[in-house]
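I open these notebook entries to record what I looked up in one structure. The sequence and model are shown first, and my entries follow.

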Amino acid sequence: MYDGDIASTLVTEQAIRDKIAELAAQIGADYASEQAESDLLLVGVLKGAVMFMTDLARALPLPVQLEFMAVSSYGSATSSSGVVRILKDLDRDIAGRHVLIVEDIIDSGLTLSWLLKNLESRQPASLQVVTLLRKPDAVKVDVPVKYVGFDIPNEFVVGYGLDYAERYRDLPFIGTLDPAVYA
Ligand code: XMP
Ligand code: MG
């Protein structure tokens, strides 16, 4: 598949699987007592987080419900501005719910920072973030991310939900693109 387009594998399929098991155990333990109040609500950010969200949901040892949001951030193709527009909002009210935002990748953190403010204003019982990947710039901004899968170098990555021009989302691993693809 995509012969020659992927320059290197950054995170293998097995490493993703192992990490999700680890995160699920940790999240499961952290939310064990909240479970008595209501099911944990996973809020996935479309489309990149879909693969991670569905695998995480099945690995978690407690009942979860799934909601999705789609947002677009204004800015150049490679960096976001922090100005965000909701393309698809949640289907339900999250007031009083324990909410866990599921992200594919945090780069500048601007999108997430906006999302946290937006969801916080809806008065959930709790609000945390899990991201599969985090780039170095994200560490500089002050966005509270409780669960991080992998800290990766500042390279453009694709696969396992992440795209370049809507392609490569279906790869089961995370890799870097051959520069020839951009040309
Ligand atoms: P910020 O900068 O607001 O943006 O944290 C995060 C969003 O930017 C996209 N993004 C990427 N998408 N490969 C991708 O396919 C990447 O390497 C990459 N880096 C950032 C992504 O949509 C993420 O939600
Ligand atoms: Mg994208």
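How many aromatic pairs does the count come to by the rule used here? I note that the model is predicted, that local features need pLDDT of at least 70, that side-chain atom pairs count only at pLDDT 80 or more, and that totals for chains, interfaces and linings use all residues. Residues are numbered from 1 along each chain as its sequence is written, chains are lettered from A and ligands numbered from 1 in the order in which they are written, and side-chain values use heavy atoms, with hydrogens and water left out.

**Aromatic pairs**

I find a count of four aromatic pairs. Rings of Phe, Tyr and Trp (its six-membered ring) pair if their centres lie within 6.5 Å; planes under 30 degrees apart count as stacked, over 60 as edge-to-face and the rest as tilted. Y2 belongs to the segment before β1 and Y168 to the loop between β8 and β9, so that the pair links distant parts of the chain, 166 residues apart.

**The sheet**

I next looked up the strands, which are DSSP runs (E, at least two residues), as helices are (H or I, at least four), numbered from the N terminus. Two strands pair if DSSP finds at least two bridges between them. Three strands form an open sheet in the order β1-β9-β8, with antiparallel pairing. Its edge strands, β1 (6–11) and β8 (157–158), each pair on one side only. Four bridges join β1 to β9 (residues 174–177). Here I6 stands opposite L177, and S8 stands opposite T176. Two bridges join β8 to β9, where V158 stands opposite G175.

**Two helices**

How do α1 and α2 lie to each other, in terms of angle? The axes (lines fitted to C-alpha atoms over the stretch in contact, with angles from 0 to 180 degrees between N-to-C directions) of α1 (residues 13–30) and α2 (residues 50–59) come within 9 Å and cross at roughly 55°. With contact meaning heavy atoms within 4.5 Å, I20, L23, A24 and I27 in α1 meet F52, D55, L56 and A59 in α2.

**Backbone details**

A cis peptide bond joins L46 and K47, with omega about -10°. I place K47 in the loop between β2 (40–46) and α2. Q123, a residue other than glycine, has a positive phi near 55°. Q123 lies in the loop between α3 (110–120) and β6 (126–134).
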